[in-house]
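This briefing sets out the strands, the aromatic residues and the nonpolar core of one protein model. Please keep the sequence and the structure in view while reading.

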Amino acid sequence: MGILAVSCSNPEEKIEINPAFGEYVFAYTSGIISTSDPIIVKLAQPYSGPFQMSEALPDNILRFDPAIDGQTSWLDNQTLKFIPAKRLPGGSFYTGMLDLQALIGITGEMATFKFQFQTIEQHLSVYLDGLDMYD
């Protein structure tokens, strides 16, 4: 008798957010968004770490799978905003990863905050009926 175990990683598999992250993250982009929307993460407390509000943040602070080219900056002293370099493809699933360890010094299992969102799939259908002439 044999046992066969098969495992696969589904990119659309939903991530369960640990409620303990509520101490560090107040809000974040989730659900279905427009292909041109920025990705937002709002911290629970005002930021007072080493990164300056007027400067762009390093690329490794907020990463995505699949990768998205763009720039992360501060919107205010609690809110990070990632602006993609170009429109995101419609109907795509993304996992965002915020490096809380580099940002505010959190270690252990809380060092990386993972969240998911999807871009809306665009649909456009055009039906042209022919012209009929009446006698």
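**Briefing on the predicted model**

Thr72 is buried, with a relative accessible area of 3%; buried means under 20% relative accessible area, exposed over 50% and partly exposed in between, with a 1.4 Å probe and protein chains only. This is a predicted model, in which local features need pLDDT of at least 70 and side-chain atom pairs count only at pLDDT 80 or more, while totals for chains, interfaces and linings use all residues. Residues are numbered from 1 along each chain as its sequence is written, and side-chain values use heavy atoms, with hydrogens and water left out.

- Thr72 is found in strand β5 (residues 70-74); helices (H or I, at least four residues) and strands (E, at least two) are DSSP runs, numbered from the N terminus.
- Leaving aside neighbours within four places in sequence, Thr72 is in contact with Ala56, Leu57, Leu62, Leu80, Lys81 and Phe82, where contact means heavy atoms within 4.5 Å.
- The antiparallel strands β5 and β6 are joined by 5 bridges, and Ser73 stands opposite Lys81 in β6.

**The mixed sheet**

- A further open sheet of 4 strands has the order β2-β8-β7-β4 and mixed pairing.
- Its edge strands, β2 (31-33) and β4 (62-65), each pair on one side only.
- From one strand to the next, the twist averages 35°.
- The pairing of β2 with β8 is parallel and spans 3 bridges; Ile33 has Thr119 in β8 as its bridge partner.

**Aromatic residues**

- There are 9 aromatic pairs in the structure; rings of Phe, Tyr and Trp (its six-membered ring) pair if their centres lie within 6.5 Å, and planes under 30 degrees apart count as stacked, over 60 as edge-to-face and the rest as tilted.
- The ring centres of Tyr28 and Phe113 are 5.1 Å apart and the planes stand at 70°, so this pair is edge-to-face.
- Tyr28 lies in strand β1 (residues 25-28) and Phe113 in strand β8 (residues 112-119), so the pair ties together parts that are 85 residues apart in sequence.
- Tyr28 is partly exposed at 31% relative accessible area, whereas Phe113 is buried at 1%.
- Phe115 and Phe117 form a stacked aromatic pair, 6.2 Å centre to centre with 25° between the planes, and both residues are buried.
- One aromatic cluster is formed by Phe21, Tyr28, Phe64, Phe82, Tyr94, Phe113, Phe115 and Phe117.

**The nonpolar core and Phe115**

- The largest nonpolar core has 26 residues, and those with the most contacts inside it are Ile39, Phe64, Leu98, Leu100, Leu103, Phe115 and Phe117; such a core is a set of buried Ala, Val, Leu, Ile, Met, Phe, Trp, Tyr and Cys residues joined through side-chain atoms within 4.5 Å.
- Two or more residues of this core come from each of β3 (39-43), β4, β6 (79-84), β7 (93-99), α1 (100-104) and β8.
- Beyond its neighbours within four places in sequence, Phe115 has contacts that include Ile17, Tyr28, Ile39, Phe64 and Met97.

How values were computed. Two strands pair if DSSP finds at least two bridges between them. Axes are lines fitted to C-alpha atoms, for helices over the stretch in contact, and angles run from 0 to 180 degrees between N-to-C directions.
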